Amino acid sequence: MTRVLGIVQDKGGVGKSVICRGLAEVVQGAPVIEIDSSPRLLELGKRVTFFRTRADREAIELSGGAASRAEFDQVIDAIASATLPTVIDVGANTGVSLLTVIAGLREDFAAAGIEFGVLVVTTAEPGALAEVPKLLSVAAPWAAARFVIENRVQGEVDPKLLLKITSGATVSCLLNQVMDEKAAAILQAGGLASIAKLDAKALHTKFGIAQGSRIRRDLTRVRLEVMHAVRPAAEWLIAK
Ligand SMILES: Nc1ncnc2c1ncn2[C@@H]1O[C@H](COP(=O)(O)OP(=O)(O)O)[C@@H](O)[C@H]1O
Ligand SMILES: [Mg+2]
């Protein structure tokens with residue numbers, strides 16, 4: 001069986017792409033499927049297969065009929081033809097509808113040798129939290145492979161609430177990453193993949209020893225913390 005993990009949250013800006021990059025770091029060479037309005041995982045180059053979503057989800061729902069039903073055909077075919085553990089960065093406003101389609105096809109996927117899993121990302125933002133039980137419920141067919149990452153970028157989620165809305169899933173946490181402004185710019189430009197390739201000497205020359213070392217320490221820590229947060233999902237992905 002080939003394992004494929006969908007990273008979902010219908011709210012934008014919660015850290016789905018950060019988490020996807022973390023999985024790409026941990027599961028070396030894993031192909032990535034990106035579904036978004038425009039390609040963003042540029043630093044991953046040929047590892048990424050990009051599928052454009054139409055920006056306006058509501059218009060798609062309203063249009064109904066064949067067009068909306070066929071919307072994910074190419075994505076589904078890409079998943080079905082996976083031969084290596086694969087990660088999907090499912091863009092905003094797409095998670096529930098895509099998971100619903102995939103859930104309907106689970107026997108066909110099983111026949112094609114594909115085992116599906118779901119990783120829900122949430123912040124403390126009420127709109128994002130409200131999506132968690134919905135997504136986990138659509139993901140019920142993959143009960144053994146449901147993961148949640150609490151991204152504390154906007155503060156901590158009340159632990160009791162988190163426990164309640166994530167019942168049955170494997171939960172891990174990503175702390176808010178505070179870093180030097182220049183470190184943030186490097187991260188923005190090159191993603192997590194650029195961090196392991198940083199050249200200490202070049203940073204010292206460009207920013208001086210003090211700031212250069214701080215930038216490198218900050219970025220190294222961010223990379224490790226993201227890799228740590230994705231660990232349960234990564235272990236599932238690569239398990240036989
Ligand atoms: N734990 C965190 N600490 C600091 N910044 C974060 C954290 N999680 C996400 N971010 C930042 O928030 C922004 C949105 O994250 P992104 O992964 O693009 O969200 P999504 O893919 O869900 O829209 C990015 O600039 C990202 O670097
Ligand atoms: Mg994204």
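**Contacts.** I began with contacts, meaning heavy atoms within 4.5 Å. Among those in the protein between residues at least 6 apart in sequence, 72% join residues at least 24 apart.

**Ground rules.** I noted that this is a predicted model, where local features need pLDDT of at least 70, side-chain atom pairs count only at pLDDT 80 or more, and totals for chains, interfaces and linings use all residues. Residues are numbered from 1 along each chain as its sequence is written, chains are lettered from A and ligands numbered from 1 in the order in which they are written, and side-chain values use heavy atoms, with hydrogens and water left out.

**Overall form.** I looked up the helices (DSSP runs of H or I, at least four residues) and strands (runs of E, at least two), both numbered from the N terminus. The protein has 12 helices and 7 strands. Along the principal axes, its C-alpha atoms fill a box of roughly 60 × 40 × 40 Å.

**Burial.** I used buried for under 20% relative accessible area, exposed for over 50% and partly exposed for in between (1.4 Å probe, protein chains only). Of the 240 residues, 49% count as buried. I then checked α1, which is mostly covered, with 9 of its 11 residues buried. Among them are Lys16, Ile19, Arg21 and Leu23.

**The cores.** Which residues have the most contacts inside the largest nonpolar core? A nonpolar core is a set of buried Ala, Val, Leu, Ile, Met, Phe, Trp, Tyr and Cys residues joined through side-chain atoms within 4.5 Å. I found Leu5, Ile7, Ile19, Leu23 and Leu119, in a core of 39 residues. The elements that each supply at least two residues of this core include β1 (2-8), α1 (16-26) and β5 (114-122). Helix α11 gives the largest share, 5 residues. Apart from this core lies another, of 34 residues, including Val4, Phe51, Ile114 and Val120.

Leaving out residues up to four places away in sequence, Leu5 touches, among others, Leu23, Leu119, Phe147 and Trp236.

**A loop residue.** Is Lys197 buried or exposed? Lys197 sits in the loop between α9 and α10, and it counts as exposed because its relative accessibility is 68%.
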